[in-house]
Amino acid sequence: MSNSETLTFDIQKNPNPATASEREALLQNPGFGRIFTDHMVTIRYSQDRGWHSPKIEPRKALALDPATVVLHYAQEIFEGMKAYHLPDGGAALFRPSANARRFHNSAERLAMPTLPENMFVESVRELVKIDREWIPTAEGSSLYLRPFMIGTEVALGTRPATDYVFCVIASPVASFFKGGGSAVTLWLSENYTRAAPGGTGAAKCGGNYAASLSALAEGQREGCDQVVFLDAVEKRWIEELGGMNIFFVFKDGSLQTPPLTGTILPGITRDSLIKLGRDMGLTVREEPYSIEQWQADAESGRLSEAFACGTAAVVTPIGKLKGHKHGFTIGDGEAGPTTLRLKAALTDIQFGRAPDKNEWLDRLF
């Protein structure tokens with residue numbers, strides 16, 4: 001299958017899909033990542049055939065030999081994106097080509113074959129179309145899409161696999177955090193780092209998230225919702241959360257976010273908010289910000305707001321930070337006006353309530 005070839009899926013409909021009433025009941029309270037649609041996408045890769053055998057089939061378990069490469073050497077990458085219900089009854093993806101490019105870059109970093117971007121986008125589009133009835137219509141809800149790729153060669157040995165499978169699954173979701181839009185409390189990780197220069201920090205791979213879990217558990221024991229990491233070299237520069245980028249809003253109306261230097265995931269929500277902020281006439285800086293300066297600015301009032309962002313959590317206000325050596329409240333501890341303005345601007349575009357001047361929406365039907 002050539003990179004420019006149009007995909008022709010072997011479509012195998014689920015013989016026992018959820019009934020309309022079952023689906024409606026599940027969509028009443030979907031939570032996040034707990035229920036899944038009827039179908040999945042699979043595309044296989046082998047050294048001799050390249051990408052082949054594209055299928056849309058009933059969602060099912062993957063059969064893996066105990067010696068499958070991914071289980072031992074963690075050759076795995078993934079993406080997170082959403083399909084949104086539009087006011088006229090249609091649906092759209094948000095910047096899927098950006099996800100396809102990041103998936104390509106992640107594959108290169110993990111020594112995996114790169115999936116042509118048109119195949120990535122077409123796979124996601126076709127899954128949403130076949131499972132369109134699963135797109136929730138409740139306020140703030142969406143269909144979360146999880147494209148991923150794993151090394152499936154059966155072999156032990158520290159080298160790239162020869163065989164892979166690319167999959168897409170889908171899950172109707174509500175808010176990522178239980179508190180909805182309320183401000184979260186962060187734990188400052190001083191014992192763990194998320195990524196180091198030359199590592200995989202800029203790739204979206206499972207190992208990065210696994211490395212954050214001990215710090216997250218530590219934070220949860222301290223009553224926090226999420227963890228924020230410092231750089232691995234000086235242990236003083238703010239990088240990102242366990243799965244989200246971070247922004248700071250100052251009293252003068254300007255915004256600042258840590259620069260992409262190879263240790264931070266280049267978030268698509270992050271990039272979109274930078275563009276939206278500048279379109280609003282706000283100054284947006286991509287510059288380093290230290291933990292010492294963060295505390296000083298919060299205590300002096302120079303810093304008025306902070307928020308985390310990502311596909312899953314969208315825009316989440318940060319109210320407090322706790323740590324062994326640091327502890328402070330940002331502003332009044334609640335969502336600030338700039339945070340709410342940016343969140344509204346982004347979600348209004350995603351849900352088709354505002355003009356899409358940047359042509360970010362990919363309408364499906």
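Hello everyone, and thanks for coming. Please keep in mind that we are looking at a predicted model, where local features need pLDDT of at least 70 and side-chain atom pairs count only at pLDDT 80 or more, while totals for chains, interfaces and linings use all residues. Residues are numbered from 1 along each chain as its sequence is written, and side-chain values use heavy atoms, with hydrogens and water left out.

Let's start with the whole protein. It has eight helices and 18 strands; these are DSSP runs, H or I of at least four residues for helices and E of at least two for strands, numbered from the N terminus. The C-alpha trace spans about 60 × 50 × 35 Å along its principal axes. For 365 residues, a compact globule would have a radius of gyration near 21 Å, and the protein agrees, because its value is 21 Å. That radius is taken over C-alpha atoms, and the globule rule is 2.2 Å times the number of residues to the power 0.38.

How much of the protein is buried? Buried residues make up 53% of the 365, where buried means under 20% relative accessible area, exposed means over 50%, and partly exposed lies in between, using a 1.4 Å probe and protein chains only. Of the contacts between residues at least 6 apart in sequence, 73% join residues at least 24 apart; a contact here means heavy atoms within 4.5 Å.

Now please find strand β5, residues 81–85. Four of its five residues are buried, so β5 is largely enclosed by the rest of the structure. Which strands does it pair with? One is β7, residues 142–151, which runs antiparallel to β5 and is joined to it by three bridges. Two strands pair if DSSP finds at least two bridges between them.

β5 and β6 make a hairpin with five residues between them, and in the turn G89 has a positive phi of about 95°.

Let's stay with β6 for a moment. A91 and L93 lie on one side of β6, A92 and F94 on the other, and all four are buried, so both faces are covered. β6 also pairs with β18, residues 361–363, in the antiparallel sense over three bridges. In that pairing, F94 has L361 of β18 as its bridge partner.

S53 has a phi of about 55° and sits in strand β3, residues 50–58. With a relative accessible area of 31%, S53 is partly exposed. A74 also has a positive phi of about 55°, but its place is in the loop between α2 (69–73) and β4 (76–78). A74 is partly exposed as well, at 46% relative accessible area.

My last stop is T261, in the loop between β13 (255–257) and α6 (268–279). Is T261 buried or exposed? Its relative accessible area is 59%, so T261 is exposed. T261 and E239 are 22 residues apart in sequence, and their C-alpha atoms are 9.8 Å apart in space.
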